[in-house]
Amino acid sequence: MNMLTISPINAFSDNYIWLIRRGNRGFVVDPGEPGPVLTALNADGIELAGILVTHHHFDHTGAVAALKDETGCAVWGPPDSPAGPYDHTVAEGDTVSVLGVAFSVLNVPGHTLDHIAYYSPAEQALFCGDTLFVGGCGRVFEGTPPQMRASLEKLSRLPADTLIFCAHEYTLANLRFARLVEPENTELANFLSACERKREQNEPTVPSQISDELSCNPFLRWQSPEILKTLEAAGRLIDDSPDGIFTAVREWKNTA
Ligand SMILES: [Zn+2]
């Protein structure tokens, strides 16, 4: 039985700020904009008890100060963060109690160096910011491709039914690129169709599950013979190591 209810608040053009509720108390994850958060809280009479930050980018932290001023809530985030310091600094091995439910912190550098994720085995829920997306992954801005791949591999080893609450609705573009890289993957074709139907109804495609990502996300499929073949045929293969394949797919997506 899940104790928490998790729902998206739309922000900017394609961000999801996740609202975690238990009764009339709530947490939000990565609030970039205060307005939509305050509207959602007021609509349901929710008291904001805390904010979780995954990384320093403005579209994830822009509303932290305003929400803290308005509500007096506490903020958890990574150390050495350009958007910090936060009330509570957390890193790999630490646990955050979110409305009485334990979330473990995982270090997942690559998109930024300060990037962390929050995982609850009891809720089967992962808040991974801009590291793992449905069908894709964040750009490697501050870390290196091998560092990013190691972070993704760490997330991919979570239980298959873990729900991936990422911070953007990038799914259709990601899965259309994935089809280019792995055209014969029928699970991918089916998953793309299911996600297209959701978007037609204006529903979020997030969360997916780790199992979806393992079968469809080209950034986790460095063992796929078809991806290797496609990279070779496109003259994009750097080397056939997992890091080489990941790097080649990431570079292709950057320009696709
Ligand atoms: Zn980011």
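1. Basis. The model is predicted, and local features are taken at pLDDT of at least 70, side-chain atom pairs only at pLDDT 80 or more, while totals for chains, interfaces and linings use all residues. Residue numbers start from 1 along each chain as its sequence is written.

2. Burial of α9. The buried residues of this helix are Ile245, Phe246, Thr247, Ala248, Val249 and Arg250. A residue is buried if 20 or more other C-beta atoms lie within 10 Å of its own, exposed if 12 or fewer, and partly exposed in between, with C-beta atoms placed from the backbone. The elements that cover these residues include α4 (145-156), α5 (171-181) and α8 (225-233).

3. Packing of α8 on α9. The two helices pack at an angle of about 60°, and their axes are 11 Å apart. Axes are lines fitted to C-alpha atoms, for helices over the stretch in contact, and angles run from 0 to 180 degrees between N-to-C directions. α8 and α9 are therefore oblique to each other; angles under 35 degrees count as roughly parallel, over 145 as roughly antiparallel, 65 to 115 as roughly perpendicular and the rest as oblique. The crossing is left-handed, meaning that the near helix is turned anticlockwise from the far one by less than a right angle. Ile227, Leu228 and Leu231 of α8 make the contact with Ile245, Ala248 and Val249 of α9, where contact requires C-beta atoms, placed from the backbone, within 7 Å. By class, this contact has six nonpolar, no polar and no charged residues. Here Ala, Val, Leu, Ile, Met, Phe, Trp, Tyr, Cys and Pro count as nonpolar, Asp, Glu, Lys and Arg as charged, and the others, Gly among them, as polar.

4. Packing of α5 on α6. Helix α6 (residues 186-200) packs with α5 at an angle of about 155°, the axes being 10 Å apart. The pair is therefore roughly antiparallel, and its crossing is left-handed. Residues in the contact include Leu172, Leu175 and Arg179 of α5 and Phe191, Leu192 and Glu196 of α6. This contact has eight nonpolar, one polar and three charged residues.

5. Ala194. This residue is found in α6 and counts as exposed, with 12 C-beta neighbours inside 10 Å. Ala194 and Leu52 are 142 residues apart in sequence and 30 Å apart in space, C-alpha to C-alpha.

6. Cis peptide bonds. Gly84 and Pro85 are joined by a cis peptide bond with omega about 0°; Pro85 is in the loop between β5 (74-77) and β6 (88-89). Another cis peptide bond joins Val206 and Pro207, with omega about 5°. Pro207 lies in the loop between α6 and β14 (208-209).

7. Positive phi values. Asp80, in the loop between β5 and β6, has phi near 50°, a positive value in a residue other than glycine. Asp80 is exposed, with 11 other C-beta atoms within 10 Å. Leu99, in the loop between β7 (95-98) and β8 (101-107), has a positive phi near 55°. With 15 C-beta neighbours inside 10 Å, Leu99 counts as partly exposed.

Key
Helices (H or I, at least four residues) and strands (E, at least two) are DSSP runs, numbered from the N terminus. Two residues are in contact if their C-beta atoms, placed from the backbone, lie within 7 Å.
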